[in-house]
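Try each task before you read its solution.

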Amino acid sequence: MKTIAVINQKGGVGKTTTAVNFGAALARMGRRVLLLDMDPQANLSLHLDLRPELEAKNMTNLLVDGAALGELVRPTGTERLWAVPADTSLNGVEQVLANRIGRETILREALEPLIAARSYDFVVIDCPPALGVLSANALVAAQEVIIPVQPEYFALQGMAKLMEVIELVRRRLNPVLRVARILPCIVDQRTRLTAEVLAEIRGHFGPLVAQSMIRANVKLAEAPSFGHTIFQHAPESNGAQDYLAFAAEYLGVDAAMPQTPAQAGAEEHAAEA
Ligand SMILES: Nc1ncnc2c1ncn2[C@@H]1O[C@H](COP(=O)(O)OP(=O)(O)OP(=O)(O)O)[C@@H](O)[C@H]1O
Ligand SMILES: [Mg+2]
């Protein structure tokens, strides 16, 4: 089981859209995927039509009350895709945990039984646009980080700070943590600025930057209002193609080759062997 934090403290760069649709793309490629909503805005939960206010339990119960993660998992409208929702009560967690020893390791410990049970192939965590205790829990629980960036004027602002925090977590709490990909999102290819900023990002971060990118696509912006992933909402759209291509790049497989769960499983075991 691999845990991936989708993080950038800059707001509105495509974190939630990426967590949902990258996760859904992995599920379409035969992987069992658990999405975790770590954002008090609960956009991921709403995106998947989980209506957190109606859920008896959510991420707050896990972080504050020590509820077992397995009991919080909900099915989504997509096969092999599950989620743990959040609601606005997550806003209070920072303060409640302020004086609690070990507050950064709660999520990592909560994931342990799932790792032992091999319940999922991937856990994908949607982080809030802040570097507080919620993001810290995600970074401590994860082996990998995906950083969505939007190639516009202030794209690189805050990136040094983010890299510093990742490095600090790696040194002190989670030695295996690494940046898997920096993913350009909401890319408007019509402007020269986009090309310039993309070149700057690639110049700065080199091979960490994904080969694929997520183009600006209105279908991706519409899908949440239907409570759907891009594959439910508009499977032929650029948005669907881009997230499938990115998932294929991430897995190191050919996006054009649809995979069965059996094949995916065989590959997973081959990788473990
Ligand atoms: N590729 C895209 N094309 C068009 N619109 C997009 C795309 N990706 C995301 N959006 C839209 O842009 C807005 C911000 O995206 P999203 O919510 O994924 O960002 P975020 O980083 O999670 O934001 P926050 O920091 O508030 O959590 C949303 O309205 C979303 O629907
Ligand atoms: Mg978000």
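A residue counts as buried under 20% relative accessible area, as exposed over 50%, and as partly exposed in between, using a 1.4 Å probe and protein chains only. The model is predicted, so local features need pLDDT of at least 70 and side-chain atom pairs count only at pLDDT 80 or more, while totals for chains, interfaces and linings use all residues. Residues are numbered from 1 along each chain as its sequence is written, chains are lettered from A and ligands numbered from 1 in the order in which they are written, and side-chain values use heavy atoms, with hydrogens and water left out.

**Exercise 1. Classify Leu72, Thr60 and Gln95 as buried or exposed.**

Step 1: Find Leu72 in the loop between α3 (59-65) and β3 (74-75). Helices (H or I, at least four residues) and strands (E, at least two) are DSSP runs, numbered from the N terminus. Leu72 is buried because its relative accessibility is 0%.

Step 2: List what covers Leu72. Contact means heavy atoms within 4.5 Å. Leaving out residues up to four places away in sequence, Leu72 touches Lys57, Asn58, Leu62, Ala67, Ala83, Val84 and Pro85.

Step 3: Move to Thr60 in helix α3. Its relative accessible area is 13%, so Thr60 is buried. Beyond residues up to four places away in sequence, Thr60 touches Asp65, Asp87, Ser89, Leu90 and Val93.

Step 4: Finish with Gln95, in helix α4 (residues 93-96). With a relative accessible area of 70%, Gln95 is exposed.

**Exercise 2. Which loops hold Arg80 and Ile186, and what are their phi values?**

Step 1: Arg80 sits in the loop between β3 and β4 (81-84). Its phi is near 65°, a positive value in a residue other than glycine. Arg80 counts as buried because its relative accessibility is 19%.

Step 2: Ile186 belongs to the loop between β7 (178-184) and α8 (192-205). Here phi is near 50°, again positive in a residue other than glycine. Ile186 has a relative accessible area of 36%, so it is partly exposed.

**Exercise 3. Describe the largest nonpolar core.**

Step 1: Start from the meaning of the term: a nonpolar core is a set of buried Ala, Val, Leu, Ile, Met, Phe, Trp, Tyr and Cys residues joined through side-chain atoms within 4.5 Å.

Step 2: Count its members. The largest core has 50 residues, and those with the most contacts inside it include Leu36, Met59 and Ile147. Helix α6 (residues 133-141) gives the largest share of this core, six residues.

Step 3: Look around Ile147. Setting aside neighbours within four places in sequence, its contacts include Ile7, Met159, Leu162 and Ile182.

**Exercise 4. What surrounds ligand 1?**

Step 1: Collect the shell. A residue is near a molecule if one of its heavy atoms lies within 4 Å of it. By that rule 18 residues surround ligand 1, and the closest are Gly12, Lys15, Thr16, Thr17 and Asn217. Helix α1 gives the largest share, three residues.

Step 2: Check oxygen atoms of the ligand. A polar side-chain atom of Lys15 lies 2.8 Å from one. For Val13, a backbone N or O atom is 3.0 Å from an oxygen atom of ligand 1, and Gly14 likewise places a backbone N or O atom 3.0 Å from a ligand oxygen atom.

Key. Polar contact = N/O pair within 3.5 Å; in protein donor to acceptor, adjacent residues only side chain to side chain.
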